Every structure is written in structure tokens, then in C-alpha cells.
Amino acid sequence: MPNILLLGGTMEASAMARRLADRGLAATLSYMGRVERPKPQPIPVRIGGFSGVPGLVQYLTDHRITHVIDATHPFAAQMSSNAVAACTQTQTPLIALTRPAWQPGPGDDWQRVPDMAAAVAALAGPPRRIMLAIGRMHLAEFAAQPQHHYLLRLVDAPTETPPLPHHTVTIDRGPFSAEADQALMRAHAIDLIVAKNAGGTGSVSKLQAARALNLPVLMIDRPHLPQRHETHDPEEVLRFVSP
């Protein structure tokens, strides 16, 4: 019988956990635990990292994992790369459940940059009011452009003051609506959105709001990952791990 390790931290991972539970498949959901109030899950949960590839290899071996599903965030590049390496070493079948990347459409005004450093560099210039929709991990990098006022939407209140001289924090958890995001952007007089190309539907509302308000978007491309078996289809994942 399968014994599955589901690497998560996303809406897609939670939905996959429910599908695995409904099928009666033995599985454990693992995520980093950066959110203070994680949602209850229908399968056992482990929280924390694996201490790199060696630790993940040890976990796969000790727990006799038969399949790994990588449903981490598209920007969790280190975890996804470690999963490829560990599964290759242990010959454990791996499948990645990914989101289609966002693409600009009619009415969109995007500037694409390859990574976070390029996004910071692109903000050189006069002060602006920027919605920094990138989560909390990379906020310190934007201290290199202190002239702007940054709107930070976070899931949890920060434990330390963000290292940005001019900022406003709003605490909220998605999914969001385009109408609410329009209202948020108007209330804070936002004139630029900085976003990671996370894809999916959970946070696309900020792009819909930007389009409606004719606001430019600085879009950070996804990191490059090692070659692996990827799918956008949860049913394909179930076929992959089912006996």
C-alpha cells in the first residue's frame, strides 16, 4: 500500500490532503509552519524542514515513503530542488502538483523581472505608493529602496517591525476578491503592485484589481527548478500514487 509524503503549505496541498483522505490512502502532510494559525487537515501533519537533502533522504527511508507529492508554493525553490535530489537518491517516485503561471491579458501593464533582486533594482526612482504582495520572507531586501511607501498584506502580524521606513501593514488571509482589492488599493492610493508569479486563483484578485484600476504590475518570474514530473491535474496525482 502507498505511504505518501505530501509537501505542502498551499491551498492545493490542503485540497490534495482531502482527496487522499477520501481515498483512504496513508499520507502525511509536511509544511514549514510559517503561518501562526494553520488550517486543520484531514491527514497527519508534520511541521518544519528536513535539514536539506540528507535529512529528507533519511525521512523517506525511515518512514518507508513510497511516493512524494510536491504541492509547495511555486517559489519554494529550495524545497522542490531538495525533493528532486532526495527522491532521485532513494528512487522514490515524485510528482509535482503545480499551478499554471499567470499570463498578462488585454488591459494588463506588466513589467517582468527574473528574480527578487531585479525587482528591488527596478524600483529605483522617485517615491511611489507600492503594494508589496510578496509575503514576509523578502521584505528586508526592499529596504534598499526606502523612498517608497509600501503596503504589506500579511497572513499574520509581524513579530518585528518590517525594515521599511515607510509602510502600512494589513493582516488578512485569502482567497481575496477583485472588488475588495480594488477598494484596498484605492484606500491606500497605490500606484504600483509588486507580485510573485504564484499562479492559481487564490491571489489572482490583485491582478484583476490592477487591471480594473489601470495600475502597473512588477511581476517576478518563477525560479527555475530541476526537471521533474509535473501536472496541474489533481486526478493525475491520484492515479500516480494509487495502487
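Tyr-59 is buried, at 12% relative accessibility (buried means under 20% relative accessible area, with a 1.4 Å probe and protein chains only). The model is predicted, so local features need pLDDT of at least 70 and side-chain atom pairs count only at pLDDT 80 or more, while totals for chains, interfaces and linings use all residues. Residues are numbered from 1 along each chain as its sequence is written, and side-chain values use heavy atoms, leaving out hydrogens and water.

**Aromatic pairs**
- Two aromatic pairs are found in a search of the whole structure (rings of Phe, Tyr and Trp, the last by its six-membered ring, with centres within 6.5 Å; planes over 60 degrees apart count as edge-to-face).
- Phe-50 and Tyr-59 form an edge-to-face pair, because their ring centres are 5.3 Å apart and their planes lie at 70 degrees.
- Phe-50 is buried too, with a relative accessible area of 9%.
- Phe-142 and Tyr-150 are also edge-to-face, with centres 6.3 Å apart and planes at 70 degrees.
- Phe-142 is buried at 0% relative accessibility, and Tyr-150 is buried at 0%.

**Charges over rings**
- Arg-46 lies over the face of Phe-50, 3.9 Å from the ring centre (CZ of Arg or NZ of Lys within 6 Å of the centre and within 35 degrees of the ring normal).
- The charged end of Arg-153 sits over the ring of Phe-176, at 3.7 Å from its centre.

**Helix α7**
- In α7, residues 234-241, the buried residues are Val-237, Leu-238 and Val-241 (helices are DSSP runs of H or I, at least four residues, numbered from the N terminus).

Conventions: Buried means under 20% relative accessible area, exposed over 50%, partly exposed in between (1.4 Å probe, protein chains only). Helices (H or I, at least four residues) and strands (E, at least two) are DSSP runs, numbered from the N terminus. Rings of Phe, Tyr and Trp (its six-membered ring) pair if their centres lie within 6.5 Å; planes under 30 degrees apart count as stacked, over 60 as edge-to-face and the rest as tilted.
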